[in-house]
Amino acid sequence: MGKKLVFGDVMIGKEELQERVQQLGAQISKDYHGESILAICILKGAVLFMSDLVRAINTECKMDFMAVSSYGGSTKSSGVVRIIKDLDGSIEGENLLIIEDIIDSGLTLSYLKEVLQGRKPKSIRICTLLDKPERRVADIVPDYIGFTIENKFIVGYGLDYDQKYRNLPYISYLEEVEDSEEDDE
C-alpha cells in the first residue's frame, strides 16, 4: 500500500473566477489610467489567467512572457529558481505588471522581481490569481490578489501537476490518500 493523489472539491468555480478577473482588470485599469503597462506572464501557469485579465484591462497593454522553474515534477517548490525563457526586449522605463498564477513561498517571485528591478523599469507591480500567505518565506506582497487560499496543492485554470490539469475551467486541489487496493472477488 502506498499513497496516491486524488482530486478534492472545486474550490473556485468558473463563474467566480471570471467575475474576479473582471474586478481585477477594472482595478488595474483605474490604477494605471493613462499609463501604458507591460504585462509579463509567468509561464506556463499564468497564461490562462493573463489571457482573461488583459482583456479586462482598458488601458494600453503590451505583453511579454517569462518561464521560470522551481518545482519540476514535485508538489513542493525546490527553492532553486531557473529562468528558462527571458523577456524578448528591454523593460527600461516600463510599468511592469508581473502576472503570476500562485504565490506560495514567494522565493521565485522575489528572485524574479530583483532581476527585473535591475533592468530599470519605471515600476513593478504584481498580480496573482492565488495567494497562499501561510507558506510565505520571502518578503513579497502582491499588489493585486484574485483569491487567498489555504495550503493545498492547487490545479486547474492554468495550474498543473506534472503538466496535467491546466485545462480545467475551475480551481481544485490534489491531496494524498492511502491507496487501498480492493479485491475484485
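Residues are numbered from 1 along each chain as its sequence is written. In this predicted model, local features need pLDDT of at least 70 and side-chain atom pairs count only at pLDDT 80 or more, while totals for chains, interfaces and linings use all residues; side-chain values use heavy atoms, without hydrogens and water.

Me: Which residues touch the most other members of the largest nonpolar core?
Reply: A nonpolar core is a set of buried Ala, Val, Leu, Ile, Met, Phe, Trp, Tyr and Cys residues joined through side-chain atoms within 4.5 Å. Buried means under 20% relative accessible area, exposed over 50%, and partly exposed in between (1.4 Å probe, protein chains only). The largest core has 29 residues, and those touching the most other members are Ile28, Phe49, Leu53, Leu97, Leu129, Leu130 and Ile171.

Me: Which elements give two or more residues to this core?
Reply: Helices (H or I, at least four residues) and strands (E, at least two) are DSSP runs, numbered from the N terminus. The elements are α1 (14-31), β2 (37-43), α2 (47-56), β5 (95-103), β6 (123-131) and β7 (144-148).

Me: What is Leu129 in contact with, leaving aside its neighbours within four places in sequence?
Reply: Contact means heavy atoms within 4.5 Å. On that criterion, the partners of Leu129 are Leu17, Phe49, Glu100, Asp101, Gly146, Phe147, Tyr157, Leu159 and Ile171.

Me: Against which elements do the buried residues of α2 pack?
Reply: In α2, the buried residues are Phe49, Met50, Asp52, Leu53, Val54 and Ala56. They pack against α1, β2, β3, β5 and β6.

Me: What arc do the buried residues of α3 cover?
Reply: In helix α3 (residues 107-117), the buried residues are Thr108, Leu109, Leu112 and Leu116. They lie on the same side of α3 because their arc around the axis, taken from the directions from the helix axis to the C-beta atoms, is only 90°.

Me: What is the geometry of the pair formed by Phe7 and Tyr165?
Reply: Rings of Phe, Tyr and Trp (its six-membered ring) pair if their centres lie within 6.5 Å; planes under 30 degrees apart count as stacked, over 60 as edge-to-face and the rest as tilted. The centres of Phe7 and Tyr165 are 4.8 Å apart and the planes stand at 85°, so the pair is edge-to-face.

Me: How many residues apart are Phe7 and Tyr165?
Reply: Phe7 is in strand β1 (residues 3-7), and Tyr165 is in the loop between β8 (153-155) and β9 (172-178). The pair links distant parts of the chain, and the separation is 158 residues.

Me: What is the centre-to-centre distance between Phe153 and Tyr161?
Reply: Both Phe153 and Tyr161 are buried. They form an edge-to-face aromatic pair with 90° between the planes, and the centre-to-centre distance is 5.9 Å.

Me: Over which ring does the charged end of Arg125 sit?
Reply: A charge sits over a ring if NZ of Lys or CZ of Arg is within 6 Å of the ring centre and within 35 degrees of the ring normal. The charged end of Arg125 is 4.7 Å from the centre of the ring it covers, that of Tyr32.
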